[in-house]
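Here are some notes to read beside the structure, written for someone meeting such a model for the first time. Please keep the sequence and the 3D view open while going through the points.

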Amino acid sequence: MKIKLLRIDSRLIHGQIANNWVGTVGVQTMIAACDSAAHDNLRKTLLMQVGREPTKTFVLDIAKTLRVYNNPKYADLDVLMVVETPQDVIRLMDGGIPVTEVNVGGITYKEGMTRVTESVSVGKAEIEAFQELHRRGIKLEVRQLPSSSHSDMMDDLKAKNLI
Amino acid sequence: MVALIIAAHGELAPALLASTQMIMGPLDNVEAVDFTKSEGPDDLLAKYEDAYKRVGPDVLFLVDLFGGSPFNAAARFAAVHPGVDVVTGVSLPMLIEVSAGMNGADVPTLVKAAIAAGGSGIRTYSQMQTTVSTADEEGDEL
């Protein structure tokens with residue numbers, strides 16, 4: 001499996017991804033790798049309907065994502081993969097998926113978080129995970145749409161005095 | 001390149017354009033024409049003429065309501081401007097599809113895309129296919 005884009009987006013697959021990123025990246029397979037969504041029948045059903053022909057959408061928990069990734073049958077499959085959190089990127093890496101670059105698309109604000117950009121909010125756990133990814137040499141690019149302005153996640157965290 | 005003019009009652013057209021750009025990013029060659037209570041057909045025609053000067057001559061109008069003033073004025077405009085066509089029932093799914101296909105397409109191609117996307121954008125929750133069970137979480141097959 002070739003992951004052409006790995007994105008962090010707490011909404012997982014939605015309009016911006018199904019209608020814009022998928023064409024720009026040039027893939028026909030989207031995987032939402034997320035334990036809670038994979039185990040939530042309604043959310044899974046809705047996510048699987050977002051993609052349009054000929055795009056195929058899969059909602060897998062992280063364990064299954066790792067198994068599928070290692071299945072030689074999919075060695076040449078180009079994929080756009082979305083996870084909810086930077087913590088899940090670490091889980092993918094610890095499971096053996098090589099990652100060099102992550103698109104930070106959106107993390108929805110929740111109580112206790114700090115808004116870093118218009119679309120990205122972080123709490124303590126997210127900050128720690130981004131720092132860990134940075135230590136591992138991962139490029140962390142904040143960008144909502146292919147044509148949007150973009151910035152470096154670590155620069156944004158510094159600008160907010162969060163690291 | 002074909003340009004789009006979105007036209008609708010009230011402030012719907014600029015709002016639709018803003019919403020489309022939320023998904024597609026900034027769009028060139030797309031104009032939005034509003035139509036307020038105090039305006040009439042001649043105001044619409046004047047706005048269409050202005051927009052056409054900026055983005056014409058190959059223009060597809062996407063308007064809200066068949067028989068409404070934005071449509072009637074667009075039809076009058078199309079009657080005297082070759083290369084211009086009008087589709088009604090403008091919606092976000094239609095705008096996404098058409099703006100994604102604008103590069104290199106001609107007006108008749110975009111008309112077909114608009115009609116198809118306008119129709120297929122209408123879905124019903126109760127008729128959605130229900131998902132497979134958790135059984136597919138085993139194994140290593142997609």
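1. In this predicted model, 27 residues of chain A are in contact with 23 residues of chain B, where contact means heavy atoms within 4.5 Å. The area buried between chain A and chain B is about 2,100 Å², and carbon and sulfur atoms give 49% of it; buried area is the accessible area (1.4 Å probe) that two parts lose on being put together, summed over both. Gln49(A), Lys64(A) and Arg67(A) supply 23% of the area that chain A buries against chain B, which is more than any other three residues supply.

2. Residues are numbered from 1 along each chain as its sequence is written, while chains are lettered from A and ligands numbered from 1 in the order in which they are written. As the model is predicted, local features need pLDDT of at least 70 and side-chain atom pairs count only at pLDDT 80 or more, whereas totals for chains, interfaces and linings use all residues, and side-chain values use heavy atoms, with hydrogens and water left out.

3. The largest pocket holds about 700 Å³ of space and is lined by 25 residues, among which Asn19(A), Gln49(A), Val50(A), Gly51(A) and Arg52(A) lie nearest its centre. A pocket is, on a 1 Å grid over the protein atoms alone, an open set of points where a 1.4 Å probe fits, with protein on both sides within 12 Å along at least five of seven lines, and lining residues have an atom within 4 Å of a point. A volume is the space filled by probe spheres set on the points, which are joined across faces, edges and corners.

4. Which elements supply at least two residues each of this lining? They are α1 (15-25) and α3 (41-50) of chain A together with α4 (92-100) and α5 (107-120) of chain B, and the largest share, 5 residues, comes from α1(A). Helices (H or I, at least four residues) and strands (E, at least two) are DSSP runs, numbered from the N terminus.

5. A cis peptide bond joins Glu53(A) and Pro54(A), with omega about 0°, and Pro54(A) lies in the loop between α3 and β3 (56-60) of chain A. In chain B, a cis peptide bond joins Gly56(B) and Pro57(B), with omega about 10°; Pro57(B) lies in the loop between α2 (41-55) and β3 (59-63) of chain B.

6. Leu12(A) deserves a look, with phi near 55°, a positive value in a residue other than glycine; Leu12(A) is placed in the loop between β1 (2-9) and α1 of chain A.
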